[in-house]
Amino acid sequence: MKNELNKFEAFDFSVTTLSSENRSFLKYVNDYIATITNHGTKIKSENVVAKLINFLTRKDQNDLLFKEITPAFLRAFRHYMETEKYPKRLSQNTANHYLKMLSTFIEKASLDSDTDRYSYIKNPFDSITYSSKDFERDILSIDDVKKLVITKIDDGCVGDFYKSKDKPVISAFSFSDLL
């Protein structure tokens, strides 16, 4: 048995599963996301799935089975996230974060107490390495923050603001950004 496992580990392109040979990863993830109660976590998870669906669409695929998630698939997905400019290219750190979220979904599926749980003999994420790049963020000066605090917003502009496409950028500004 040990020799057979060693032979299996030498291959990157096939992953044998213990159950549910044709189970959809996307269906599992969408069902799982529907149960998330934390709004921020739910939005982040939906963004990861949206990026994955864009990648699959580029490959003329409309679903992703658990058995199709291999180290080679994950490397191709990482490359796509870091190089594809539509809708936007992701930084290495963000691509790492997206892969870690996918890994979490795989882990949840293997631990799921549901009778249709899904398990890998060898986790496809075991061969994925994560490295990060340091970068400097632009920050507001104290004078800029003071200007923001004293800026008056005309009541007529508030309605227009909420209808504007710039709202997500501006509403992402939080109190912690001022500290």
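Helices here are DSSP runs of H or I with at least four residues, strands are runs of E with at least two, and both are numbered from the N terminus. This is a predicted model, where local features need pLDDT of at least 70, side-chain atom pairs count only at pLDDT 80 or more, and totals for chains, interfaces and linings use all residues. Residues are numbered from 1 along each chain as its sequence is written, and side-chain values use heavy atoms, with hydrogens and water left out.

First, the overall picture. The chain has nine helices and zero strands, so in sequence order the pattern reads α-α-α-α-α-α-α-α-α. Buried means under 20% relative accessible area, exposed means over 50%, and partly exposed is in between, with a 1.4 Å probe and protein chains only. By that rule, 27% of the 179 residues are buried. Accessible areas come from the Shrake-Rupley method with a 1.4 Å probe, and for residues only the protein chains shown count as cover. The chain exposes about 12,900 Å², with 53% of it supplied by carbon and sulfur atoms. A contact means heavy atoms within 4.5 Å. Among contacts with a separation of 6 or more, 70% join residues 24 or more positions apart.

An α-helix has 3.6 residues a turn, so residues three or four places apart point the same way.

Now the largest pocket. On a 1 Å grid over the protein atoms alone, a pocket is an open set of points where a 1.4 Å probe fits, with protein on both sides within 12 Å along at least five of seven lines; lining residues have an atom within 4 Å of a point. Grid points are joined across faces, edges and corners, and a volume is the space filled by probe spheres set on the points. The largest pocket holds about 320 Å³ of space. It is lined by 15 residues, and the closest to its centre are Asn47, Lys88, Leu90, Thr94 and Tyr98. Helix 3 (39-58) and helix 5 (92-111) are the elements that give two or more residues to this lining. Helix 3 supplies the largest share, seven residues.

Asp60 sits in the loop between helix 3 and helix 4 (71-83). Asp60 is not a glycine, yet has a positive phi of about 55°, and at 75% relative accessibility it is exposed. Asp126 is in the loop between helix 5 and helix 6 (142-150) and is exposed, at 55%. Asp126 and Ser103 are 23 residues apart in sequence and 9.6 Å apart, C-alpha to C-alpha. Glu107, in helix 5, is partly exposed at 46% relative accessibility.
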